[in-house]
Structures are given as structure tokens and as C-alpha cells.
Amino acid sequence: MPLLKLDNGCLAYGHVPLLDAAAFQLDAGERVALIGRNGTGKSSLLAALAGPITHRPLDDGTLWTQPGLKLGYVPQEPPFDPGLTVFQAVVAGMGATARLLAEYHEVSHRMAEAEADHDALLARMEALQHEMEALGVWAYEARAEQVIARFGLDADARVGTLSGGQKKRLALAQALAVAPDALLLDEPTNHLDIAAIEWLEDFLLESGVTLLFVTHDRRFLDRLATRVVELDRGKLASYPGSFAAYQERKAQELADEAKAAARADKLLKEEEVWIRQGVEARRTRAVFRVQRLDRLRAERAARRERIGNVKLQLDAGDKSGQVVAELQHVNKSFGDKQVVRDFSTRILRGDRIGIIGPNGAGKTTLLRLILGELIPDSGTVKRGTKLEVAYFDQFRTQLDPEATLADVISPGSDWVEIAGARKHVVGYLGDFLFAPQRARSPVKSLSGGERNRLLLARLFARPANVLVLDEPTNDLDIETLDLLEDLLQDYPGTVFLVSHDRAFLDAIVTQTIAAEGDGTWHEYAGGYSDWAAYQAGRKEAAAQKSALTERQAPPPQKSTPKPKTDKLSWKEQRELEALPDRIAALEAEQQALTARLEDPALYDKPQDAQVVAARLAAIEDELLGLLERWETLEARQAATTS
């Protein structure tokens, strides 16, 4: 049964229609992914479908919603009053009950203050309780407190003090607090770290809520979507099944469309040649051909071409030195918080490093230490020679909102030089899908995805042998992400990548530096999936060891006189004598494997690096067990000889 239905929807900004007689239906229980290129109108469509909340009408067409339907809507950048508390912001979406809940929450807190007028507050609380009971508001309060706790938020914190990730959680909490029948999410993974994204995936799957969501995160899309809807040139096309199934079907459709367009263009060209030669006689066939030519011209003029792909080209410049950076026992703190604790690493030319960790772990701080932009509290940082660094900033602080697009790319000049070739700035912007007339538009007129494209254009307009990409995937469409992946895979320089996009990390990086908590960072071979598999294996091994220890633990002893200590058996004596040699052999193997991991050639075959890393982890566990066994046997031997 449909929850909402759009018929003949039309919406336009300027001369290009975003929706052109579009049709859409959302059924109960579906999880629909809305995809499309940047600027095609996905966010506008979502806001129009959330009309009862956003009050954004369509230019034409009808939007039907099931009577009594409760919608939850989370935009890309949720607007919140920074002065509100988290609790007030969550209940703000509950309509008439919001005022009562917010006031009740405030009165409850004021009563805890010693200097408060308790008699007046108690009277007001009693009045509020009666009013809330009459309207059945208590269930809403319980729901609000439940979602606040589930999203790990402080109900009394001011919205203005929250980070970007916390504000995204707050927006999700606000939408879910009304127990919606359908949830509309616009880029819900932006500003969330990987752990939060995986938690959100699990939560949405377990909740069973009907979903319509826009995302560029391919893992998120693959796991959640039961249907894919594409917005392309004002039309909506539905593709049941997974994103992979959509890709196969869409590729065939585009190929068929290209063939049909080529046939039509060929026929139009032939008819244009014929009409220029003149009509020899006013026969019926000649009249028909003239009419057909008019129709072909009209069809060609009305055809909306699919948006092209970004043309990415990157100049790696001169080679840097073999060693890009070397850190030895680096520590960095801010106040009482230790962000980096005793971290050492050696980064070589051509390494592609992924940096992962929860929001606030210090990923950007670690990057700045590696690049020499921050001085460590202790330890040493040595930077390599001939480094030309290009930095992609997740907050886009390099973009002046008042500057024009052309000035951002080439200040004071109409030309840019890419890999030795000179190109006009308007043509270069065209490679990044900016129309010529927009070259003099201000940056503030761009959408989030367009600003990221502009920042990439600025980044690639200068030679660089070290690329630092801090959350480059936010707001980019899937096609551009695929092209960026291909470019970085062939890039001969060094790449530092901070990202929450798991598929992007797996496609690019060869090594991962991960936050382990309390300022500790460890380096692993491979991408995100390799790191996740290693962590899962380590947890499983720890659980098995704990279970084995519990099974082998002796039953609790009664309070009896201490028995006489047994001597070591002949077998245990031989084991004790052999332990030093076994430990020495393992330590020698450990040193050899560590040296292999420092060899850049090993990472030409990532699977070999994974095998070496896994063996190192196994040696570490084995050494720990042997040392514990040695200590136990020596203690028993000492007790019997004393």
C-alpha cells in the first residue's frame, strides 16, 4: 500500500527543469535509494516530498500522502537554534506537544537548583502534569528520552556546542522521536565516522521503518536499498533490487539510448543534406520528408543530454625524496587530552595511507604532525625533500564564498597550466562540469557537491607529489567518486586519505593508520576491510582464549592447609630448558618479518603484506604465552628448591 505518491511532478530553478512530469510512489516497508548526479535535484525532490514539514511546494503536479501519515525528514544541513538544548531540539518536531515537553523538562531542572522558587515551580509542574495527562504527552517524552539515549547525546547540552557528527545524530533523533511511518534522509552519513555509520545501518535495518534516502556511500546503499530510483534529466526511473543490479541495467539502457540518438542524428543529417539540394517536385513524398525534417529538428532541440563526466587530470610534478616523513616516538596533547601517544612510522614515496578513527580522535592533528604543520610535544618528525603538497580540506576553508569560480582556480589570470599544457580557465572549469556562464559566479552560489568539485579543480590545477585528502567524498556523486578512484590508483605520488567511505578506502589505500583509543595509533597493511578483518580476528582470538582459560581454571578451593608444592616433572624440566631457545627463534622471526613490512616492494602484492601482518600478530600472541609459561615453571622450580 502506498504511503505517498507523486504524479506529474514539475519543479524548476532557472531555465532547467529539475523535475519534468516526474512520477514516484513509496510503499510501506520499502527502503528506496534516490541517486543521481550532483545538481540534478535530489535534495529538492526530497524536500518537496516532505512538503508537510518543509512547506516547499511543487511548481506543478500532485503529491498524495496517506491520511495521518507521520513523516520524518533529515536534510543535509539540519537547521537548529544553537541556543536550544538537545532535548528541546528533539521535541521541537512534535507539534503541539513540543511546548509542554520542553517546559516540563526545564521546570524539572530548575527545581534542582538551590536558589529556585520551589513553591512556584511545584505549582507550575502540577499544572503541566495535568495538561500533559489530558493530551497523552507522557508517551512522547519517553520516546524523546529513548532516542536521545540511543544516539548517545546529552539531553542538556546546547546545540551550539555540538560537533558536525553530533548535529547529524541530533537531526536523526528528532526525526525518529515522532515514531515516523516513513523516514526521508538526505546524505545521512555525512559528518559521521565509520563506527557511527555502521551503527546507523544496523539501527535502520532493525527498526523496519520505511526509507527514502539520498547517499553517495556505496556500502551504505548496497546494504540498505531494496530499490534504486534514479533522477536523470528531470525523470525518475525505478530499478528493483540492489545497486549492483541497477548498474548492470543502467549501463545497457545508456548503450541503447546512445545507439538510438546516433541513428536519429544520422537521419537528421541526411535529411538536412536533401533539403539543401532543393525539392525537385511537389510530390506527396517530398511534402512528407519536409514534415519529417521539421519533426526531427524539434526532437533534437528538445533532447536533454545526460550530464557528462568530470575530466580529472593530475600533475604529479617532480618526484619527492624516497622518504616522505619519519616520525619517532611522537607525542601531542591539547590540555589534558593526549591526541597522539608515542607514535612512530616511516612513510615512503608512493605510499597510499588511510587514516581512520572516530570523530574527535585526532585524525587531522596526526596529518598536520606528519606534514610538519604542528610541532610535537616530544619526539621527532623528519620531513622528506622536494615535497609539493596539495591539501583537500573537508571544511572547504580554502574557498572564499565571495570569490568567483575563475578566481579560485587561477587568481589574476585567465589561464592554468596542467602537466605542461596551457588551458583557458573557462575550459578547465568545463572539465569539472561548470558551464561557461558560471565561471564568474560566486562560490556561495554553489551546492555542497559543486563546492567539492571546485575544490578538486583547484587542487588539481597545481603540480603536487603529495596529496592530502581530508574527507573528499562528502557530497560527490557516485560517478565522480569512481573517476576519482581511478585517478588516485594511477597516481605515482604519495596519498594521505581521511575518509569514512569504506569502499573508497578499500579502493585506494595500501596501509591504514587507525586510532586505538587514548591517543594510541597503530599501522596496518591493506585498506579498511583488511583492518576490520584483523580487528574481528583479534577479538575472536581474545574471546576464545578467555573461554579456554575459564574452562581450564581449577574449581574454587576450600579453606584447607596449603599443600606442599610439587616438584617439576621430568617433562616440565625439559620444557623449561627448551623455552629460551624457542623464544629466541620466535623473536628472530619477528624481527625478520618486521623488516619485510618496512620494505615498500612488499606492498606491490597486498595479499603478501596481509600474510606477513597476520603472522606477526600470531607470533606476538605465542611469545606472550611462552613467557607466561616460563614464569610459571621458574616460580615452581624456585619454590621447591627454597
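## Aromatic pairs

In this predicted model, Phe203 is buried, its relative accessible area being 10%. Trp199, by contrast, is partly exposed at 30% relative accessibility, because the buried class ends under 20% relative accessible area. Both residues belong to helix α8 (residues 194-207), where a spacing of four residues separates Trp199 from Phe203 by about one helical turn. The rings of Phe213 and Phe220 form an edge-to-face pair, since their planes stand at 90° with the centres 5.7 Å apart. Phe213 is buried at 0% relative accessibility, and Phe220 is buried with a relative accessible area of 0%.

Across the whole structure, nine aromatic pairs are found. Trp199 and Phe203 make a stacked pair, with 5.3 Å from centre to centre and 10° between the planes. Ring pairs also join Phe151 to a cluster with Trp199 and Phe203.

## A charge over a ring

Arg453 is placed over the face of Phe434, 5.1 Å from the ring centre.

## The six-stranded sheet

Six strands form an open sheet with mixed pairing, in the order β14-β17-β18-β12-β19-β20. Its edge strands, β14 (389-392) and β20 (520-525), each pair on one side only. From one strand to the next, the twist averages 15°.

Strands β14 and β17 (residues 466-470) run parallel and are joined by four bridges. Within β17, Val468 is the bridge partner of Tyr391. Helix α15 (residues 448-460) packs on the sheet and touches β14 and β17, its direction making about 175° with that of β14.

Note on methods: Residues numbered from 1 in each chain as written. Predicted model: local features only at pLDDT ≥ 70, side-chain atom pairs only at ≥ 80, totals over all residues. Heavy atoms only, no water. Pairing = 2+ DSSP bridges. Helix = DSSP H or I, 4+ residues; strand = E, 2+ residues; numbered from the N terminus. Axes fitted to C-alpha atoms, helices over the stretch in contact; angles between N-to-C directions. Contact = heavy atoms within 4.5 Å. Phe/Tyr/Trp six-rings, centres within 6.5 Å; stacked < 30°, edge-to-face > 60°. Buried < 20%, exposed > 50% of the residue type's maximum accessible area, 1.4 Å probe, protein only. Lys NZ or Arg CZ within 6 Å of the ring centre and 35° of its normal.
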